[in-house]
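Work through the exercises below with the model open beside you. Try each task before reading its solution.

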Amino acid sequence: MAENMNIKLKVWRQAGPHTQGRFETYSVPDANPHMSFLELLDVLNEQLIKSGTDPVEFDHDCREGICGSCGVVVDGVAHGPQRRTACCQLHMRHYQDGDTIVVEPWRAEAFPIIKDLVVDRSAFDRIIAAGGYVSINAGSAQDANNLPIAKDKADLAMDYAACIGCGACVAACPNASASLFTAAKISHLAMLPQGSPERKKRVTAMVDQMAEEGFGDCSNHAECEAVCPKGISISSIATMRREYMKAMLS
Amino acid sequence: MSSKNPLRSPIGKKLVTGVTGLGLVVFVFIHMTGNLALFTGNEAYNQYTHFLTSLGGLLYVIEAGLVAFFLFHIVNGIQIWLGKRKARPVGYDTYKSAGSPSQQSASSRSMIITGLILAVFLVVHVISFKFGPGGPGNADPAYVTTIGGEEVRDLAKLVRENFASPFYTFGYTFVMLLLVVHLRHGIWSALQSLGAMRPSLTPLVYTIGAVVGVLIGAGFIALPLAIYFNLI
């Protein structure tokens with residue numbers, strides 16, 4: 001049995017989208033090193049419910065780092081201190097007994113707070129709806145080598161396709177830009193024969209929608225890549241810019 | 001395929017900032033190498049400046065281009081900064097960089113501040129040198145010399161006078177250090193904005209950006225310090 005840890009949590013509490021939020025500090029004496037960060041929040045919520053207080057709202061689903069539902073800023077870093085890890089896969093063994101952890105929601109005008117740590121990320125859905133898909137039914141998986149795609153291209157497309165749409169890139173960006181998210185989808189589809197025919201229409205529509213949603217402009221800080229749980233490279237942003245230029249020039 | 005307004009789009013703004021930025025890097029590099037002519041003597045320097053002014057109409061075209069580059073660069077930079085404030089009206093209580101591969105640095109965060117200081121410096125600089133004594137609309141017989149029997153502006157004299165002042169010399173040095181800080185992020189960032197980057201090149205280009213920035217800064221700083229400390 002691992003020893004229990006006493007963790008202090010300074011958590012952003014906000015009752016609704018239009019109410020004033022504030023930080024509340026809670027002590028969780030029953031934390032242990034095997035817990036994930038979200039399990040720590042679960043334990044805190046058990047405590048709060050027993051004491052008759054509203055539990056802290058936070059988004060989560062698979063808790064395996066693959067769905068993109070969870071996401072909070074932990075001590076100033078989106079998803080916390082461990083690289084390429086969504087906060088559901090961050091474990092308390094990275095912390096010491098007595099530590100204080102600051103927990104905040106993603107902060108961006110385009111991601112309005114719904115309650116506590118939950119933000120509305122439907123702006124991402126609208127960017128995808130603007131063109132982040134292939135219009136025709138591309139069918140089920142092809143027979144191997146039926147549709148030749150160079151290995152390096154297939155690998156790169158897969159790297160970009162790994163985006164889970166969690167929004168950490170926006171949260172960490174000093175400008176609250178959604179460039180990495182948008183670029184990952186554009187680059188992924190532009191690289192493959194199924195996505196290629198619509199690439200020009202897609203990049204134009206998605207970039208326009210990104211601006212429409214009120215995200216900031218990219219300043220090439222590359223902070224997004226550093227916090228991305230899938231480690232998506234800002235080379236996708238360079239690709240998006242090339243795609244955009246090609247679309248404008250044709 | 002047309003966007004609503006390509007040059008006003010998030011990508012268009014970065015393209016304009018990047019292209020004008022790289023153009024201005026070329027300009028400051030040429031300007032810096034031109035300045036170094038003073039190390040070989042007043043006459044060489046005056047000959048060089050006379051060559052530039054004797055370009056006549058071409059010089060006006062170059063100057064108009066430079067003004068346009070500066071204006072587009074500045075206006076886009078300010079708009080990107082304003083957009084950032086609008087995109088995140090409520091900031092974080094605690095915020096820090098996650099570290100490598102992030103390129104976030106004091107340089108990348110201070111682009112708006114270093115940029116605005118450089119813009120103010122630019123105005124003062126043009127007034128005190130180009131339009132200074134002996135310059136256009138400010139004829140002064142004390143700042144005329146002859147080279148090969150031809151009367152030319154003695155800009156070298158003005159440069160030496162201005163850099164005799166500690167205020168001007170160290171102010172200039174400080175602003176040139178800010179230029180290095182601006183270029184540290186700027187050169188790399190411009191190439192990324194133009195889609196010219198790939199991950200394998202990032203460390204190399206980031207280093208080259210810094211080296212070019214330091215070379216330009218060092219070239220600019222060498223002259224005023226050499227004059228102030230009576231080395232040339």
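Domain bounds here come from an automatic or database domain assignment. The model is predicted: local features need pLDDT of at least 70, side-chain atom pairs count only at pLDDT 80 or more, and totals for chains, interfaces and linings use all residues. Residues are numbered from 1 along each chain as its sequence is written, and chains are lettered from A and ligands numbered from 1 in the order in which they are written.

**Exercise 1. Divide chain A into domains and describe their contact.**

Step 1. Take the bounds. The assignment gives domain 1 (5-104) and domain 2 (121-249) in chain A.

Step 2. Find the spacing. The C-alpha centres of these two domains of chain A lie 30 Å apart.

Step 3. Count the contact residues. Two residues are in contact if their C-beta atoms, placed from the backbone, lie within 7 Å. On that basis, 12 residues of domain 1 of chain A meet 11 residues of domain 2 of chain A.

Step 4. Sort by class. Ala, Val, Leu, Ile, Met, Phe, Trp, Tyr, Cys and Pro count as nonpolar, Asp, Glu, Lys and Arg as charged, and the others, Gly among them, as polar. The side of domain 1 of chain A that touches domain 2 of chain A has six nonpolar, five polar and one charged residues.

**Exercise 2. Describe the side of chain A that touches chain B.**

Step 1. Count both sides. The contact takes 47 residues from chain A and 42 residues from chain B.

Step 2. Name the elements. β5 (100-104), α6 (199-212), α7 (223-227) and α8 (235-249) of chain A each give two or more residues to this side. α8(A) gives the most, with nine residues.

Step 3. Sort by class. This side of chain A has 23 nonpolar, 12 polar and 12 charged residues.

**Exercise 3. Which residues touch the most other members of the largest nonpolar core?**

Step 1. Define the core. A nonpolar core is a set of buried Ala, Val, Leu, Ile, Met, Phe, Trp, Tyr and Cys residues joined through C-beta atoms within 7 Å.

Step 2. The largest core has 103 residues, and A:C169, A:V170, A:L180 and A:V227 touch the most other members.

Step 3. Trace the contributors. Helix α7 (residues 166-193) of chain B gives the most to this core, with 11 residues. Domain 1 (5-104) and domain 2 (121-249) of chain A each supply at least three residues.

Step 4. Not counting residues up to four places away in sequence, A:V227 touches A:V77, A:A78, A:H79, A:A168, A:C169, A:A172 and B:A98.

**Exercise 4. Where does α7(B) bend?**

Step 1. Locate the bend, the angle between axes fitted to the seven residues ending at a residue and the seven starting there. α7(B) bends by about 35 degrees at B:L183.

Step 2. Look past the helix. B:G195 follows α7(B), and its phi is positive, near 75 degrees.

Notes. A residue is buried if 20 or more other C-beta atoms lie within 10 Å of its own, exposed if 12 or fewer, and partly exposed in between; C-beta atoms are placed from the backbone. Helices (H or I, at least four residues) and strands (E, at least two) are DSSP runs, numbered from the N terminus.
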